[in-house]
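Have the viewer open as you read.

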Amino acid sequence: MKPALAMGAGPAPDAALDASGSAPGSTTAWPHRHLLDTDVLTWPQIELVLDTARHMAEIVAGERPRSTALRGVGVTNLFYEASTRTRVSFEVAARHLSADVVNVAVSGSSIEKGESLLDTMRTLEALGAKVLVIRHATSGAPYLVAREFGGSVINAGDGRHAHPTQALLDLATLLRHVPGRSLRGRKVVILGDVLHSRVARSNVWTLTAAGADVWLCGPATLVRGFEAWAAAGVGGERRFTVTTDLEAALRDADAVMALRIQKERMAAGLLPSLHEYAARFGLTRERLALAAEGCLVMHPGPMNEGIEIASDVANGPQSLVTEQVATGVAIRMAVLSLVTSVAR
């Protein structure tokens with residue numbers, strides 16, 4: 001399946017949001033000045049992000065000129081962890097909206113000299129930042145900043161806690177390909193290092209909100225603790241399944257998302273070896289044959305090909321991996337527009 005950027009027809013770029021922060025024709029107002037996780041989003045608000053992204057995708061595809069919606073707005077990407085896809089995606093998204101973009105990495109900044117997160121935030125705010133896009137190794141770091149920052153904070157990944165824009169772009173990508181553009185009753189499997197995955201946690205919220213039959217699968221040490229959440233339900237009501245049985249998880253699946261084995265976050269003893277993981281849980285073409293015909297394949301990246309996913313699966317005809325990356329720009333444009341509509 002080829003990457004698809006055109007996500008639907010819409011109005012002129014600068015009319016992508018009305019004065020209330022809603023997409024044209026929408027009755028849903030956007031109330032969130034920050035986006036820290038998907039757990040605060042109602043289904044109508046998720047639909048608003050997706051609808052707004054459809055309009056933004058026309059700009060990304062070159063079908064409409066660059067928007068001036070964020071002209072004069074300072075967007076700072078503050079990344080305490082290495083990133084390619086997410087950081088560049090946010091930068092491209094902000095530039096498509098005519099924002100003034102600054103990228104800050106730990107290396108070469110005052111952070112290396114011991115400057116605190118809040119002191120860095122105050123410095124950037126004094127220099128004109130109105131939006132902070134933050135990636136941090138510590139869960140909860142963006143929440144701390146959001147309590148003090150006068151503008152908007154977007155969480156680009158915090159520890160093992162959350163990655164809201166990744167979950168939204170994953171949902172948008174899936175909906176583009178499933179029959180009827182609905183995930184209701186569709187079996188979606190998240191496979192691999194669930195324990196350390198902020199992507200999996202945010203996806204559980206969005207996928208269950210969309211009505212998907214969500215399964216989390218991996219070695220017992222890498223799904224530990226999720227059984228209690230599954231039993232309690234997402235938001236106290238939406239159930240999902242946790243299993244170590246790979247065949248049961250893959251059987252008749254409509255989509256499978258393999259997760260990166262996060263060696264940098266692992267304590268000793270969680271896996272016998274990467275070779276052992278690949279042999280027992282790696283997503284291969286033979287294992288994918290257990291899924292429903294045409295099962296969609298996803299991965300949030302970066303991939304360890306040959307470990308959590310075989311190369312011929314990652315690059316095969318059922319793979320949406322490249323499309324996920326492309327979709328991220330329009331989704332992040334939508335989020336930037338929505339949160340700043342509240343802040344302005």
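Let's start with the lining of the largest pocket: by class, 14 of its residues are polar, 8 are charged and 8 are nonpolar. Keep in mind that this is a predicted model. The pocket has a volume of about 490 Å³. Its lining counts 30 residues, and Arg135, Arg198, Pro300, Gly301 and Pro302 lie nearest the centre. Two or more lining residues each come from helix 2 (85-96), helix 5 (164-177), helix 6 (198-209) and helix 12. Helix 12 gives the most, with 5 residues.

Now for the inside. As a rule, nonpolar side chains in soluble globular proteins tend to be buried together.

| Core | Residues in core | Among its members |
|---|---|---|
| Largest nonpolar core | 65 residues | Val75, Leu183, Leu207, Ile331, Leu336 |
| Second, separate core | 28 residues | Trp215, Cys217, Ala258, Leu271 |

The members named for the largest core are those with the most contacts inside it. Helix 12 (residues 321-343) turns up again here, with the largest share of this core at 9 residues. Take Leu336: leaving aside neighbours within four places in sequence, Leu336 is in contact with Leu70, Val75, Phe90, Ala93, Ala94, Leu97, Val131 and Ile154.

Finally, a look at helix 4 (residues 141-148), whose buried residues are Ala141, Pro142, Val145 and Ala146. Because they cover an arc of only 135° around the axis, they sit on the same side of helix 4. What covers them includes helix 3 (117-126), strand 3 (129-136) and strand 4 (152-158).

Terms used: Residues numbered from 1 in each chain as written. Predicted model: local features only at pLDDT ≥ 70, side-chain atom pairs only at ≥ 80, totals over all residues. Heavy atoms only, no water. Core = buried A, V, L, I, M, F, W, Y, C linked by side-chain atoms within 4.5 Å. Buried < 20%, exposed > 50% of the residue type's maximum accessible area, 1.4 Å probe, protein only. Helix = DSSP H or I, 4+ residues; strand = E, 2+ residues; numbered from the N terminus. Contact = heavy atoms within 4.5 Å. Arc of directions from axis to C-beta. 1 Å grid on protein atoms, 1.4 Å probe; cavity = no way out; pocket = protein on both sides within 12 Å on 5 of 7 lines; lining within 4 Å. Points joined across faces, edges and corners; volume = space filled by probe spheres on them. Nonpolar A, V, L, I, M, F, W, Y, C, P; charged D, E, K, R; others polar.
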